[in-house]
Amino acid sequence: MNLKISSNPVLISACLMGEACRFDGQGKHNSELLELLKDITLIPLCPEVEGGLPIPRPPAEIRGSGVFKENGEDVSDAFQKGASVCTEKSVAALVNQAILKSRSPACGCGKIYDGSFSKTLIDGDGIFTQALKAAGINCISDEQYLKSKLR
Ligand code: SF4
């Protein structure tokens with residue numbers, strides 16, 4: 001995949017810039033990725049936090065059209081709210097490209113966990129990625145982006 005990035009700002013999952021916003025209270029700073037993006041204006045967003053979820057928080061996975069914690073609690077509303085708020089911010093900032101953290105139930109792009117909490121991957125997008133794509137924003141995962149640049 002050959003990704004062309006324009007002069008518009010690029011949305012990036014905030015955890016990839018090191019923000020400690022993940023469910024486990026950690027960031028996922030990706031220096032290899034950030035080096036490749038060093039000349040680009042980045043807009044970091046975390047849709048789970050924007051949706052009102054705390055840090056840390058129990059992990060959640062998509063099952064059917066909803067998002068659930070392992071104990072069965074439905075957190076779909078927070079995921080939908082965060083996706084909607086962050087998509088509006090992205091559109092307002094004229095973002096046309098997003099680089100998103102792989103496999104997250106919000107930011108996953110192409111592959112997500114299947115909802116069984118058994119680390120089983122299926123084809124699909126996170127709730128935020130679905131909203132971004134519906135708004136016409138190109139989406140690629142951090143792993144896909146690195147692969148496209150390093151081959
Ligand atoms: Fe990172 Fe996205 Fe999860 Fe936030 S919702 S921690 S930005 S993968």
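# Ligand shell, cores and backbone of a predicted model

The shell around the ligand divides into eight nonpolar, two polar and four charged residues. Here Ala, Val, Leu, Ile, Met, Phe, Trp, Tyr, Cys and Pro count as nonpolar, Asp, Glu, Lys and Arg as charged, and the others, Gly among them, as polar. This is a predicted model: local features need pLDDT of at least 70, side-chain atom pairs count only at pLDDT 80 or more, and totals for chains, interfaces and linings use all residues. Residues are numbered from 1 along each chain as its sequence is written, and side-chain values use heavy atoms, with hydrogens and water left out.

**Ligand site**

- The ligand is surrounded by 14 residues.
- The closest are Cys15, Cys46, Glu48, Lys101 and Cys107.
- The ligand takes up the space of the largest pocket. On a 1 Å grid over the protein atoms alone, a pocket is an open set of points where a 1.4 Å probe fits, with protein on both sides within 12 Å along at least five of seven lines. A molecule sits in a pocket if more than half of its atoms lie within 2 Å of its grid points.

**Lysine 101**

- Lysine 101 lies in the loop between strand 5 and strand 6 (111–113). Helices (H or I, at least four residues) and strands (E, at least two) are DSSP runs, numbered from the N terminus.
- Lysine 101 is buried, with a relative accessible area of 10%. Buried means under 20% relative accessible area, exposed over 50%, and partly exposed in between (1.4 Å probe, protein chains only).
- Leaving aside neighbours within four places in sequence, lysine 101 is in contact with Ser13, Cys15, Leu16, Arg22, Lys28, Cys107, Gly108 and Asp142. Contact means heavy atoms within 4.5 Å.
- Lysine 101 and glutamine 80 are 21 residues apart along the chain, and their C-alpha atoms are separated by 17 Å.

**Nonpolar cores**

- In soluble globular proteins, nonpolar side chains tend to be buried together.
- The largest nonpolar core has 23 residues. Such a core is a set of buried Ala, Val, Leu, Ile, Met, Phe, Trp, Tyr and Cys residues joined through side-chain atoms within 4.5 Å.
- Leu11, Val67, Phe79, Ala98, Leu100, Phe128 and Leu132 have the most contacts inside this core.
- Strand 3 (60–63), helix 3 (76–92), strand 5 (97–100) and helix 4 (127–134) each supply at least two of its residues. Helix 3 gives the largest share, four residues.
- Another core, of eleven residues, lies apart from it, and includes Val10, Ile12, Leu42 and Leu146.

- Helix 4 has Ile127, Phe128, Thr129 and Leu132 as its buried residues.
- Not counting residues up to four places away in sequence, phenylalanine 128 touches Leu11, Pro47, Ala83, Cys86, Thr87, Ser90, Leu100, Ala106 and Cys107.
- Serine 90 is part of helix 3. It is buried, with a relative accessible area of 1%.
- Beyond its neighbours within four places in sequence, serine 90 is in contact with Leu11, Leu45, Val95, Phe128, Leu132 and Ile137.
- Alanine 93 sits in the loop between helix 3 and strand 5. It is partly exposed, with a relative accessible area of 26%.
- Alanine 93 touches Pro9 and Ile43, not counting residues up to four places away in sequence.

**Strand 3**

- Glutamate 61 is in strand 3 and is buried, with a relative accessible area of 9%.
- Apart from residues up to four places away in sequence, glutamate 61 touches Gly66, Val67, Phe68, Pro105, Tyr113, Asp114, Gly115, Ser116 and Phe117.
- Glutamate 61 and isoleucine 112 are 51 residues apart in sequence, yet 8.1 Å apart in space, C-alpha to C-alpha.

**Backbone points to check**

- Most residues other than glycine have a negative phi, and most peptide bonds are trans.
- The peptide bond from isoleucine 55 to proline 56 is cis, with omega near -10 degrees. Proline 56 is in the loop between helix 2 (47–50) and strand 3.
- Arginine 103 has a positive phi, near 70 degrees. It lies in the loop between strand 5 and strand 6 and is partly exposed, with a relative accessible area of 26%.
- Lysine 119 has a positive phi, near 65 degrees. It lies in the loop between strand 6 and strand 7 (121–123) and is exposed, with a relative accessible area of 67%.

How values were computed: Near = heavy atom within 4 Å. 1 Å grid on protein atoms, 1.4 Å probe; cavity = no way out; pocket = protein on both sides within 12 Å on 5 of 7 lines; lining within 4 Å.
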